[in-house]
Amino acid sequence: MSSAKFITLEGSEGVGKSTQCTLLANAIAGEFGQSLCLTREPGGTALGESVRSILLETTLPPMDAMTELLLMFAARAEHLSEVIRPALNAAQWVLCDRFTDASYAYQGGGRGLGADAISILENLVQNELRPDLTIILDLDVDIAFRRIENRGQTDRFDREKREFFEKVRQVYLRRAKQFPDRIVIVDAAASIEEVHGAVREIVRKRLL
Ligand code: TMP
């Protein structure tokens, strides 16, 4: 069995996920000495990035929730076959900025599609593959919401109401309880350095 690890980083808008992803990638490739494939969803392939543009575009008419879910999984299928599985097969660690837990949180929770439809697609598209470790950065919705409001440019998800992000957060917290062997919650209210320290230690303890 390959020793390559598949790590995903999750969290609602405004929790500092992209910054933490970069810092963790540097730690894995540097300090931990692992060959790393850093990627993201939706995206990570040419097709996936095109799908991402459609998903985040604010000038298109409102999108049906099921269409949104299927586009997420179409991009994911491509990502798995072109990037994630080849990297893991080549003994590279994969760090993915969001993965299927985001579909449970945003489409299942935020859009109200529920978990069953997502579970069917998860099994269909991923077969047995699940991340070895998922870290969810958690932050009070009001604080996260204020951070988003201060952003210059917003995408289709950033423009959702507070209630949407509350639902997203609740699904993430529920999933962490449901899958304690895989998912760890990190309090994102601390400083960038403190959050990074916590994330790095979780990866070290669980995967090295
Ligand atoms: P980002 O903010 O991490 O760049 O991700 C783009 C948006 O895509 C973010 O608002 C969350 C959303 N998203 C979903 O709604 N479902 C998914 O399955 C994924 C991967 C992302």
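Predicted model: local features only at pLDDT ≥ 70, side-chain atom pairs only at ≥ 80, totals over all residues.
The largest pocket comes next, with a space of about 450 Å³. Here 26 residues form the lining, and Glu-13, Lys-17, Arg-52, Arg-98 and Asp-155 are the ones closest to the centre. Four helices supply at least two lining residues each: helix H1 (17-29), helix H2 (46-56), H3 and helix H4 (100-110). Of these, H4 provides the largest share, namely four residues. Sorted by class, the lining of the largest pocket contains eleven charged, eight nonpolar and seven polar residues.

Rolling a probe the size of a water molecule over the atoms shows where empty space is left. In this structure there are three cavities of 30 Å³ or more, and the largest cavity holds about 50 Å³ of space. Around the largest cavity sit Ser-12, Val-15, Ile-136, Leu-137, Asp-138, Leu-139, Arg-169, Tyr-172 and Leu-173. Strand S4 (133-138) and H7 are the elements that contribute two or more residues to this lining. The class count for the largest cavity is six nonpolar, one polar and two charged residues.

Attention now turns to how the helices pack. The axes of helix H3 (residues 65-89) and helix H5 (residues 115-126) cross at roughly 25° and come within 10 Å. Since angles under 35 degrees count as roughly parallel, this crossing makes H3 roughly parallel to H5. The crossing of these two helices is right-handed. On the H3 side, the residues in contact are Met-66, Leu-69, Leu-70, Phe-73, Arg-76, Ala-77, Leu-80 and Arg-85, and they meet Ala-117, Ile-118, Leu-121, Glu-122, Val-125 and Gln-126 on the H5 side. This H3 and H5 contact contains ten nonpolar residues, along with three charged and one polar.

H3 also packs with H2, where the axes come within 8 Å and cross at roughly 160°. An angle over 145 degrees counts as roughly antiparallel, and H2 and H3 are therefore roughly antiparallel to each other. The crossing of H2 with H3 is left-handed. From H2, the contact draws on Leu-47, Gly-48, Val-51, Ile-54 and Leu-55, while H3 brings Glu-68, Leu-71, Met-72, Ala-75 and Glu-78. By class, seven residues of the H2 and H3 contact are nonpolar, two are charged and one is polar.

Taken together, H3 meets H5 in a right-handed crossing and H2 in a left-handed one.

Definitions and conventions: Residues numbered from 1 in each chain as written. Heavy atoms only, no water. Axes fitted to C-alpha atoms, helices over the stretch in contact; angles between N-to-C directions. Parallel < 35°, antiparallel > 145°, perpendicular 65-115°, else oblique. Left-handed = near helix turned anticlockwise from the far one by under 90°. Contact = heavy atoms within 4.5 Å. Nonpolar A, V, L, I, M, F, W, Y, C, P; charged D, E, K, R; others polar. 1 Å grid on protein atoms, 1.4 Å probe; cavity = no way out; pocket = protein on both sides within 12 Å on 5 of 7 lines; lining within 4 Å. Points joined across faces, edges and corners; volume = space filled by probe spheres on them.
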